[in-house]
Amino acid sequence: MDLSLHTRQAAQKEVNMTDLTAGAVQTVLHEGYGSAGVASTVGYVEDGDVRLVIDPGMVRSRSLILDPLTARGVAPDQVTDVVFSHHHPDHTLNAALFPNARFHDHWAIYRDDEWIWRDAEGYRLSPGIMLIRTPGHTFEDITTLVGTREGIVAFTHAWNDATSQGDRHAVDMDALRTARRRVVSVADIIVPGHGPAFIPGPETPL
């Protein structure tokens with residue numbers, strides 16, 4: 001996988017990452033962790049007709065994903081879209097909970113027996129939801145940017161949690177540092193892969 005190719009593609013597209021309508025509503029359905037055990041941080045976003053779940057992966061019980069959705073008045077079959085930040089099982093394991101969703105990764109959209117090729121870089125699920133490429137943890141990592149009234153929220157695995165200096169599973173630490181700088185340049189709130197949301201600042205590891 002040519003990471004430099006992805007960088008060139010991103011530059012060629014000149015994606016405006018701040019050009020997001022500030023009307024989406026986001027929440028964390030489940031706050032992930034890396035020990036003891038492992039669980040994904042699972043996000044949820046509503047923007048117009050889009051009902052999006054991000055990284056429905058490993059959790060102690062599926063009710064930890066479904067109950068917060070039910071509390072919001074959302075049934076699993078009403079979820080329209082699911083985004084995988086990358087394809088590690090701890091972020092994808094419970095995808096089948098959402099039978100009517102379109103599934104998004106770094107290079108395609110999947111639904112039923114359809115496989116629709118598209119680059120994630122700059123792809124919009126709605127006026128307030130955009131995908132960008134942020135490789136490093138894996139070659140295929142993407143970040144979901146969400147425009148809200150509180151600012152731009154980034155759901156990303158560029159950090160495991162707010163204090164992550166490195167990443168022992170990263171395929172390319174230089175690419176990961178580039179991804180972190182890219183996310184920090186635009187995000188007001190960061191939702192990492194295995195921890196609570198945080199506000200980036202001078203102490204945020206890059």
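Trainee: Into which classes do the residues of the lining of the largest cavity divide?
Mentor: Keep in mind that this is a predicted model. The lining is made up of Thr41, Gly43, Ile54, Asp55, Ser85, Phe155, Thr156, Val191, Pro192 and Gly193. Gly counts as polar in this scheme. The division is four nonpolar, five polar and one charged.

Trainee: What is the volume of the largest cavity?
Mentor: A search of the whole structure turns up one cavity of 30 Å³ or more. Its lining includes Ile54 and Phe155. The volume is about 60 Å³.

Trainee: Is Asp55 buried or exposed?
Mentor: Asp55 is in the cavity lining. It sits in the loop between strand E3 (50-54) and helix H2 (63-71). The cut-off for buried is under 20% relative accessible area. At a relative accessible area of 5%, Asp55 is buried.

Trainee: What is the phi of Asp55?
Mentor: Most residues other than glycine have a negative phi. Asp55 is not a glycine, yet its phi is positive. The value is about 60°.

Trainee: Is Asp112 buried or exposed?
Mentor: Asp112 is also a non-glycine residue with a positive phi, about 55°. Its place is in the loop between E6 and E7. Exposed requires over 50% relative accessible area. With 74%, Asp112 is exposed.

Trainee: How many bridges join strand E6 to strand E7?
Mentor: E6 covers residues 108-111 and E7 covers residues 114-117. The two run antiparallel, and their hairpin has two residues between the strands. Ile109 stands opposite Ile116 in E7. The number of bridges is four.

Trainee: Which strands stand at the edges of the five-strand sheet?
Mentor: The sheet is open, with mixed pairing, in the order E8-E9-E10-E11-E12. An edge strand has a single partner, so one of its sides is left without a neighbour in the sheet. That picks out E8 (124-126) and E12 (189-191).

Trainee: What is the average twist from one strand to the next?
Mentor: The five strands form an open sheet. Its twist is averaged from strand to strand.

Trainee: In E10, which residue is the bridge partner of Ile132?
Mentor: Go to strand E9, residues 129-133. It pairs with E10, residues 142-148, in the antiparallel sense over five bridges. The partner of Ile132 is Thr143.

Trainee: Where does the chain have a cis peptide bond involving Ala36?
Mentor: Most peptide bonds are trans. Ala36 lies in the loop between strand E1 (25-30) and strand E2 (42-47). Omega is near -15° at the cis bond. That bond runs from Ser35 to Ala36.

Trainee: What is the volume of the largest pocket?
Mentor: The pocket is lined by 14 residues, and those closest to its centre are Val38, Asn160, Arg168, His169 and His194. By class, the lining has one nonpolar, ten polar and three charged residues. The pocket volume is about 260 Å³.

Trainee: What is the radius of gyration of the protein chain?
Mentor: The chain has three helices and twelve strands. Its C-alpha trace spans about 40 × 40 × 35 Å along the principal axes. The globule rule gives 17 Å for 206 residues, and the chain is close to that, so it is as compact as a globular protein of that length. The radius of gyration is 16 Å.

Trainee: What share of the residues of the protein chain count as buried?
Mentor: Buried means under 20% relative accessible area. The share is taken over the 206 residues of the chain. It comes to 51%.

Notes: Residues numbered from 1 in each chain as written. Predicted model: local features only at pLDDT ≥ 70, side-chain atom pairs only at ≥ 80, totals over all residues. Heavy atoms only, no water. 1 Å grid on protein atoms, 1.4 Å probe; cavity = no way out; pocket = protein on both sides within 12 Å on 5 of 7 lines; lining within 4 Å. Points joined across faces, edges and corners; volume = space filled by probe spheres on them. Pairing = 2+ DSSP bridges. Axes fitted to C-alpha atoms, helices over the stretch in contact; angles between N-to-C directions. Rg over C-alpha atoms; globule rule 2.2 N^0.38 Å. Buried < 20%, exposed > 50% of the residue type's maximum accessible area, 1.4 Å probe, protein only.
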